[in-house]
Amino acid sequence: EESVKNVDMMSQLIYKKTSADDFLMYLKSSEKDMSAKFVVMAIFCIGGKSFTHMRTLLGRYRKVIDHFLSSENLGILEVLYAVWSGSPEKFMMAFTCIIEAGIINDVDALKWALESGEIVRGRGRVQWAVVESSLTACANLASSKSTAAGEKEYYALGLSDFWSKMIQALEENEKKTTSGADGAWQ
């Protein structure tokens, strides 16, 4: 498949320690439909070896990641899920690193976890792990005395928004279940 070849090509460039600026120039001048998404996928694939690998690559290629985020926003979690959905432990390792790096925050992560609808249907092991981690972080930040007032409000609103959307999704799922549609916890 073409996308696998593109990720492999980006991986080779990462192994050669191509700079983030060179990647950006390459992506802008490429005649092919080359996307920063392939670089991000390669970063996650290679970084999956350890926390140290992941943190190093996220730092080294932050400009490329920011370029990707400028058009995709929460797409970084979709890319991470595409790479590591079969290995929840590696997903959570990379997730922890992108949170630590400030690439996304826990409120964004909660929004992403709800989008798929998997948690409402009782599935989505990865999404549930994200919810557990991010709910804890948001609650801690919203209640900490050392968190700035504006930040406290942001995380408190994020928690409130998550729970209201979760309840709404559960109610919608209940309607599907009672009407005979496939939506029940399985």
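In helix α4, the residues M54, L57 and L58 are buried, where buried stands for under 20% relative accessible area, exposed for over 50% and partly exposed for what lies in between, with a 1.4 Å probe and protein chains only. Because these three residues cover an arc of only 100° around the axis, they sit on the same side of α4, the arc being that of the directions from the helix axis to the C-beta atoms. The face of α4 turned away from this buried side carries the exposed residues T52 and G59. Helices here are DSSP runs (H or I, at least four residues), numbered from the N terminus.

This is a predicted model, in which local features need pLDDT of at least 70 and side-chain atom pairs count only at pLDDT 80 or more, while totals for chains, interfaces and linings use all residues. Residues are numbered from 1 along each chain as its sequence is written, and side-chain values use heavy atoms, with hydrogens and water left out.

The structure holds 7 aromatic pairs, a pair being rings of Phe, Tyr or Trp (its six-membered ring) whose centres lie within 6.5 Å, with planes under 30 degrees apart counted as stacked, over 60 as edge-to-face and the rest as tilted. In one of them, the ring centres of F23 and Y61 are 5.3 Å apart and the planes stand at 80°, so the pair is edge-to-face. This pair links distant parts of the chain, with F23 in helix α2 (residues 20–29) and Y61 in the loop between α4 (51–60) and α5 (62–72), 38 residues apart. F23 counts as buried because its relative accessibility is 0%, and Y61 counts as buried at 0% as well.

F162 and W163 also form an edge-to-face pair, at 5.0 Å centre to centre and 75° between the planes. Of these two, F162 is buried, with a relative accessible area of 3%, whereas W163 is partly exposed at 43%. Elsewhere, Y81, F91, F95 and W112 form one aromatic cluster.

F162 returns in the lining of the largest cavity, together with V107, L110, K111, L114, G158, D161 and K165. The elements that give two or more residues to this lining are α8 (106–115) and α10 (149–178). A cavity is a set of points on a 1 Å grid over the protein atoms alone where a 1.4 Å probe fits but cannot get out, and lining residues have an atom within 4 Å of a point. The count comes to 1 cavity of 30 Å³ or more, and the largest cavity has a volume of about 40 Å³.

Note on methods: On a 1 Å grid over the protein atoms alone, a cavity is a set of points where a 1.4 Å probe fits but cannot get out, and a pocket is an open set with protein on both sides within 12 Å along at least five of seven lines; lining residues have an atom within 4 Å of a point. Grid points are joined across faces, edges and corners, and a volume is the space filled by probe spheres set on the points.
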